[in-house]
Amino acid sequence: MSAELMSLLAKALGETVYMVAVSMFIASLIGIPLGVLLHTTGKGEILENAFLSQTVGAIVNAVRSIPFIILMVAIIPFTRFIVGSAIGTTAAMVPLVIASVPFIGRQVETSLKEVPYGLVEAALSMGATPLQIIRRVLLPEAMPSIVAQLTTVVIALVGESAMAGAIGGGGLGDLAIRYGYQRFRPEVMIATVIILIVMVQLVQFAGNSLAKRLNRK
């Protein structure tokens, strides 16, 4: 493997890690509260609100139904408005965040549903407020499951970040398309695939380990 290829791979890997890490951080800041809202406003829950639950749920489902590659193209004007460009790693993070927020919301909602309602009832009987129940009962009890679910989201983001390379998003996907496919260099394609596989394995291992550690607590 040439020094040029090694340099290109290192740069592309750095761009991919940057895209995934920042996108995941921003999406989690929005998606986790969204998941809490979806759960707590559901029927029979502590903040039951049928209209709000159904409206937010419909929006979440609508965004989740849009294929990522179509979403990237459809929101190009919005991306350009937010970051000043529709090309590059920073621009690619806009659709990555938008695609991930509803995914995280649904995953967190699923994790919170696994918390026994008896714990919520016990907290209510002791006079706990809805916010206290969310902070001290629902989130702590569901945290191992939430971590496992977020691991799945990170892995999905790795794949989507590679797809972003199809329209100049940078990272490993861009490298694979421009150098591996368009310039007929199969060694570049193979190298990027191997790196992506290793990334996914490392993320899955780290996520599983953290979830198990939280579960023991």
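Look at Leu-138 first. Setting aside residues within four places in sequence, Leu-138 is in contact with His-39, Thr-40, Ile-46, Leu-112, Val-115, Val-120 and Ile-133. Keep in mind that this is a predicted model.

What does Leu-138 belong to? Leu-138 is among the residues with the most contacts inside the largest nonpolar core, together with Met-24, Ile-104, Ile-133 and Leu-175. That core has 50 residues. Which elements give two or more residues to it? They are α1 (3-40), α2 (50-64), α3 (68-74), α5 (89-113), α6 (117-125), α7 (130-164), α8 (171-181) and α9 (186-216). The largest share comes from α7, with twelve residues. As a general point, nonpolar side chains in soluble globular proteins tend to be buried together.

Now step back to the whole chain. There are nine helices and zero strands. Along the sequence, the pattern reads α-α-α-α-α-α-α-α-α. The C-alpha atoms fill a box of roughly 65 × 40 × 25 Å along the principal axes. The chain has 217 residues, and 42% of them are buried. Take the contacts with a separation of 6 or more: 72% of these join residues 24 or more positions apart.

Next, α1. It has 38 residues. From first C-alpha to last, α1 reaches 54 Å, close to the 56 Å expected at 1.5 Å a residue. Where does α1 bend? At Ser-28, by about 35°.

Ser-28 brings us to Ile-104, which touches it. Ile-104 lies in helix α5. How accessible is Ile-104? Its relative accessibility is 0%, so Ile-104 counts as buried. Beyond four places in sequence, Ile-104 touches Met-24, Ala-27, Ser-28, Gly-31, Ile-32, Leu-150 and Val-153. Met-24 is also on the list of residues with the most contacts inside the core. For a distance across the model, take Ile-104 and Val-188. They are 84 residues apart along the chain, and their C-alpha atoms are separated by 32 Å.

Stay with α5 as a whole. Its 25 residues should span 36 Å at 1.5 Å a residue, and its end C-alpha atoms are 35 Å apart, which agrees. There is a kink of about 25° at Ser-100, shortly before the proline Pro-102. Why call α5 largely enclosed by the rest of the structure? Because 20 of its 25 residues are buried.

A polar contact of 2.7 Å joins its side chain to that of Arg-106. Leaving out neighbours within four places, Glu-109 is in contact with Gly-35, Leu-38 and His-39. His-39 is also in contact with Leu-138.

Move on to Glu-114, in the loop between α5 and α6. Is Glu-114 buried or exposed? Exposed, with a relative accessible area of 52%. Its side chain makes a polar contact of 3.2 Å with the side chain of Ser-145. Glu-114 and Leu-138 are 24 residues apart along the chain, with 9.4 Å between their C-alpha atoms.

Two residues of α7 to finish. First, Ile-134, found in helix α7. At 12% relative accessibility, Ile-134 counts as buried. Not counting residues up to four places away, Ile-134 touches Val-36, Thr-40, Ile-46, Leu-139 and Pro-140. Thr-40 and Ile-46 are in contact with Leu-138 too. Between Ile-134 and Ile-46 there are 9.3 Å, C-alpha to C-alpha, for a sequence separation of 88 residues.

Second, Gln-149, also in helix α7. Its relative accessible area is 16%, and Gln-149 is buried. Which side chain does it pair with in a polar contact? That of Gln-107, at 3.1 Å. Beyond its neighbours within four places, Gln-149 is in contact with Gln-107, Thr-110 and Ser-111.

That's my tour. Questions, please.

Technical notes: Residues are numbered from 1 along each chain as its sequence is written. This is a predicted model: local features need pLDDT of at least 70, side-chain atom pairs count only at pLDDT 80 or more; totals for chains, interfaces and linings use all residues. Side-chain values use heavy atoms; hydrogens and water are left out. A nonpolar core is a set of buried Ala, Val, Leu, Ile, Met, Phe, Trp, Tyr and Cys residues joined through side-chain atoms within 4.5 Å. Buried means under 20% relative accessible area, exposed over 50%, partly exposed in between (1.4 Å probe, protein chains only). Helices (H or I, at least four residues) and strands (E, at least two) are DSSP runs, numbered from the N terminus. Contact means heavy atoms within 4.5 Å. A polar contact is a pair of N or O atoms within 3.5 Å; within protein, one must be able to donate a hydrogen and the other to accept it, and residues adjacent in sequence count only if both atoms are side-chain atoms. The expected span of a helix is 1.5 Å times one less than its number of residues. The bend at a residue is the angle between axes fitted to the seven residues ending there and the seven starting there.
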